[in-house]
Amino acid sequence: MILIFDIGKTNKKCFVFDEDYRIVFEKNTTLPEITDEDGDPCEDLFLLKNWVLESVREILADPRFQIRAVNCTTYGASFVHLDADGEPLTPLYNYLKPFPDDLKKQFFTKYGGEGKVALETASPVLGMLNSGLQLFWLKNARPEIFQKTKWSLHLPQFVASLLNGQFFSEITSLGCHTMLWDFQKNDYHEWVKSEGIAEKFPPIYPYPITNNQSTNQPISGLHDSSAALIPYLASFAEPFVLISTGTWCISLNPFNDEPLTDFELKNDCLCYLTFEGKPVKAARYFGGNEHEIGVKKLAAEFGVADDFYQKPLAAGAEIFEKYAIFIAQLVEKQVVSTRLAIGKSPVRRIFVDGGFSKNGIYMKFLAAAFPEMEVFAAEIAQATALGAAMVIHDFWNKKPMPKNLISLKKIRVPS
């Protein structure tokens with residue numbers, strides 16, 4: 001069995017999978033946020049650390065489970081800065097925290113302009129969402145803390161360090177719109193070295209993982225978007241795009257090897273890296289967030305609960321006529337984003353997982369917008385956590401990788 005932590009910004013979850021990748025235990029929690037020294041909201045690292053360690057103790061003590069391995073996946077673009085004793089020196093600064101305009105100007109003037117750095121690092125200019133810029137900010141705005149920092153770990157690797165006491169950097173975290181990784185040179189970008197930031201990163205985790213590699217527990221930690229793609233790559237050889245829907249709707253295309261263009265970067269297109277170091281063309285759209293805001297407005301207008309769209313018979317026809325128009329507008333934006341990820345690649349199948357895959361109105365509009373494609377609602381139990389388990393399969397699991405982890409429902413559009 002394997003224990004997996006899946007840490008989202010809102011929901012923190014852990015699962016035990018058996019050797020057939022069935023979930024035999026799960027628990028989840030939400031943790032209240034705190035504020036950093038500037039009054040901006042952020043994750044409470046103390047509460048998160050305690051929840052992770054208490055969950056480990058609980059599950060290891062449970063005689064029902066024989067845990068052979070542990071791994072974790074979390075949201076990205078967030079750094080934990082550790083002192084020489086491995087203790088956090090700062091809050092976990094929120095990636096939505098404003099990035100100072102003067103530092104932005106200073107950085108891009110020094111390193112050749114926004115377009116140049118963005119193209120080389122496959123990262124749109126996103127402020128604190130470019131986690132590398134968080135370190136540039138720390139060096140300039142909090143120099144005394146920067147000096148004390150022994151290691152800077154992305155959040156997945158911080159959680160991994162709680163579980164095995166080891167410090168690593170990891171390629172899926174380095175390669176997700178961080179502005180740290182030069183995709184042409186397959187190395188840290190030159191600015192990272194020039195600023196003395198590369199020395200704040202521990203060695204990069206050595207994939208692939210086998211049970212002969214080390215006696216140490218192989219806990220790599222994974223960026224959640226890259227983890228969610230792993231079960232699909234393991235299950236399907238024919239080219240596809242995965243639209244992973246949540247707060248962000250991210251179209252992931254592992255079959256598009258066209259270099260990023262300036263136009264794509266300016267339209268929130270980027271590249272991720274798989275755990276094997278291969279680029280994945282991706283386009284992001286804040287669709288889940290827009291949906292949440294729009295649903296609350298409609299619910300307030302009609303005096304119904306926020307989950308009205310899940311109960312069509314109870315809510316009434318009038319609100320659903322307006323909801324359908326709203327969803328059609330969301331899908332129009334989603335189509336623009338997804339077509340950027342598709343590019344000229346030979347993709348003919350679109351898989352949708354996450355919340356929108358269960359939204360019949362959304363799925364029919366999406367299928368109608370892609371008449372040349374087969375569009376499927378994908379059902380998979382906890383794809384992100386599953387990916388984190390699969391990446392170390394050979395270490396803990398003697399059975400072959402199962403082939404039936406994902407069920408697909410083809411969406412048909414009335415003619």
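Analyst: Happy to! The chain holds 16 helices and 18 strands, where helices (H or I, at least four residues) and strands (E, at least two) are DSSP runs numbered from the N terminus. Please keep in mind that this is a predicted model, in which local features need pLDDT of at least 70, side-chain atom pairs count only at pLDDT 80 or more, and totals for chains, interfaces and linings use all residues. Residues are numbered from 1 along each chain as its sequence is written, and side-chain values use heavy atoms, with hydrogens and water left out.

Now to the crossing itself. Two packed helices are described by the angle between their axes and the distance between the axes. Helix α9 (residues 224–235) and helix α15 (residues 383–390) have axes that come within 7 Å and cross at roughly 75°. Here axes are lines fitted to C-alpha atoms, for helices over the stretch in contact, and angles run from 0 to 180 degrees between N-to-C directions. The helices α9 and α15 are therefore roughly perpendicular to each other, a label given to angles of 65 to 115 degrees (under 35 is roughly parallel, over 145 roughly antiparallel, the rest oblique). On the α9 side, the contact (heavy atoms within 4.5 Å) is made by Asp224, Ala227, Ala228, Ile230, Pro231 and Ala234. On the α15 side, Ala383, Thr384, Leu386, Gly387, Ala388 and Met390 take part. These residues divide into nine nonpolar, two polar and one charged; Ala, Val, Leu, Ile, Met, Phe, Trp, Tyr, Cys and Pro count as nonpolar, Asp, Glu, Lys and Arg as charged, and the others, Gly among them, as polar.

Leucine 405 links this site to its surroundings. Leucine 405 sits in the loop between α16 (393–396) and β18 (407–410), and touches Tyr21, Glu379, Ile380, Leu386 and Met390, not counting residues up to four places away in sequence. With a relative accessible area of 15%, leucine 405 is buried (under 20% relative accessible area; exposed is over 50%, partly exposed in between, with a 1.4 Å probe and protein chains only).

Elsewhere, helix α6 (residues 155–164) carries glutamine 157 and alanine 160. Glutamine 157 is buried at 3% relative accessible area, and alanine 160 is buried with 3% as well. Leaving aside neighbours within four places in sequence, glutamine 157 contacts Phe168, Ser169, Glu170, Ser173, Ser220, Gly221 and Leu222, while alanine 160 contacts Cys72, Gly165, Ile219, Ser220 and Gly221.

Helix α4 (residues 131–141) has eight of its eleven residues buried, so it is largely enclosed by the rest of the structure. Its buried residues pack against β7 (79–82), α2 (101–110), α5 (143–148), β8 (151–154) and α8 (190–194).

Finally, the chain as a whole. Buried residues make up 54% of the 415 residues. Among contacts with a separation of 6 or more, 72% join residues 24 or more positions apart. The C-alpha atoms fill a box of roughly 65 × 55 × 45 Å along the principal axes.
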